[in-house]
Amino acid sequence: MSTALMLASAAAETVKEAKELEVNGALKVVKLFEINGTEFWLTESVIIQWIVILILLAVILILTHNMKVVPETKRQAAAEMLVEFVRDTVHGTMGSKYNAYVPYIMTLLCYIMISNLMGLLGLRNPTADVSVTGTLAIITFFLVQYNRAKTGKFKGYFKSFIEPLPFMLPFNIIGEFANPLALALRLFGNMTAGMVIGGLIYFALGNFALVIPAVTSLYFDIFSAVMQAYIFIMLTMSYISSAECD
Amino acid sequence: MEMTPETMKILANGILLGASALGAGTAMIAGLGPGIGEGYCGGQAVAAIGRQPEASGAITRTMIIGDALAETTGLYALVIALLLLYANPLIGKLL
């Protein structure tokens with residue numbers, strides 16, 4: 001056996017071991033059931049999204065239970081504060097004629113925020129899966145196209161692609177797809193980076209993981225989670241309102 | 001020292017895995033750009049708030065959006081690095 005071979009096989013062993021450590025937080029897959037030989041599989045993120053939906057449902061039922069015209073309870077005051085915050089944000093960013101988008105933006109904000117905060121329960125963030133963030137970005141993409149077609153009608157829709165000059169057509173079309181792609185990757189990248197860095201810190205500190213993970217978790221699991229949800233709705237709103245044809 | 005086909009195979013695989021890891025690390029040099037961009041963005045926002053403290057809410061909102069947009073290129077690099085580390089398309093080409 002030559003030295004090179006020994007080195008190479010040692011390196012291969014290390015790579016194999018590193019793969020088994022699972023610092024990466026790879027997506028787990030669960031087999032749901034089997035009908036006539038056809039298997040149905042679910043990813044971890046789908047199951048955690050069900051938990052998110054249940055949490056949201058419980059919070060909404062608690063907050064909106066037994067409402068009065070003049071708020072008497074703190075629950076109702078909190079719910080109204082949240083709704084007013086989102087409504088003011090939508091009116092401030094998109095203008096008050098986009099009032100119909102308030103429920104969607106509200107849903108998006110609550111859903112992404114709770115999804116991002118799932119890391120606190122020791123679960124994997126569903127938003128650290130590109131198929132979840134991609135879905136949300138595709139909804140934004142279709143809303144942008146809808147708003148452009150609605151405000152510009154047939155002529156304005158196609159004319160908006162050759163503005164300001166006809167040779168800009170390829171750039172406009174690329175930009176149309178690059179925006180939702182960046183939107184999906186921004187949320188995915190931020191949450192995955194937080195997850196991977198958290199896992200690496202726990203792995204590196206081993207049994208001495210006392211104070212440092214708490215500090216980094218405060219930033220990645222709480223600050224970054226809330227901030228990314230806010231950034232996602234702000235960008236969604238500015239993409240939709242900037243697609244307006246005049 | 002003789003190179004049997006077995007040796008060549010292990011060496012080739014080792015080079016492929018090592019080059020993938022190096023590529024992942026090199027991709028993250030792109031983190032420089034967003035760092036500079038976000039720092040400039042934050043500095044300008046502080047200057048603007050210093051000049052006009054009553055507009056701090058609107059300035060902070062705009063700054064956060066600007067930060068998020070400046071971050072995009074860095075996140076593209078992060079996605080490439082994560083692909084190379086965890087979902088390496090080159091692994092299928094191992095001998």
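## Helices 6 and 7 of chain A

The axes of helix 6 (residues 169–205) of chain A and helix 7 (residues 212–242) of chain A come within 10 Å and cross at roughly 175°. Helix 6 of chain A is therefore roughly antiparallel to helix 7 of chain A. Angles over 145 degrees count as roughly antiparallel, under 35 as roughly parallel, 65 to 115 as roughly perpendicular and the rest as oblique. Axes are lines fitted to C-alpha atoms, for helices over the stretch in contact, with angles from 0 to 180 degrees between N-to-C directions.

Helix 6 of chain A contributes residues including A:L183, A:L187, A:G194 and A:I201 to this contact, and helix 7 of chain A contributes residues including A:F220, A:D221, A:F232 and A:Y239. Contact requires C-beta atoms, placed from the backbone, within 7 Å. By class, the contact has 13 nonpolar, eight polar and one charged residues. Ala, Val, Leu, Ile, Met, Phe, Trp, Tyr, Cys and Pro count as nonpolar, Asp, Glu, Lys and Arg as charged, and the others, Gly among them, as polar.

## Model and numbering

This is a predicted model, in which local features need pLDDT of at least 70 and side-chain atom pairs count only at pLDDT 80 or more, while totals for chains, interfaces and linings use all residues. Residues are numbered from 1 along each chain as its sequence is written, and chains are lettered from A and ligands numbered from 1 in the order in which they are written.

The model scores ipTM 0.78 and pTM 0.81. Chain B has a mean pLDDT (the predictor's confidence in each residue, from 0 to 100) of 88, with 98% of its residues at 70 or more.

## Hairpin of chain A

Strand 1 (residues 29–35) of chain A pairs with strand 2 (residues 38–43) of chain A in the antiparallel sense over six bridges. Pairing requires at least two DSSP bridges. A:F33 has A:F40 as its bridge partner, and A:E34 stands opposite A:E39. Two residues lie between the strands, and A:N36 takes a positive phi near 50°.

None of the seven residues of strand 1 of chain A is buried, so this strand lies largely in the open. For strand 2 of chain A, the number buried is zero of six, so it too lies largely in the open. Buried means 20 or more other C-beta atoms within 10 Å of the residue's own, exposed 12 or fewer, and partly exposed in between, with C-beta atoms placed from the backbone.

## Helices 2 and 3 of chain B

Helix 2 (residues 32–51) of chain B packs against helix 3 (residues 56–70) of chain B at about 170°, with axes 9 Å apart. These helices are therefore roughly antiparallel. The contact includes B:G37, B:C41 and B:A45 of helix 2 and B:I59, B:M63 and B:G66 of helix 3. Its residues divide into eight nonpolar, five polar and two charged. Helices (H or I, at least four residues) and strands (E, at least two) are DSSP runs, numbered from the N terminus.

Terms used
Two residues are in contact if their C-beta atoms, placed from the backbone, lie within 7 Å.
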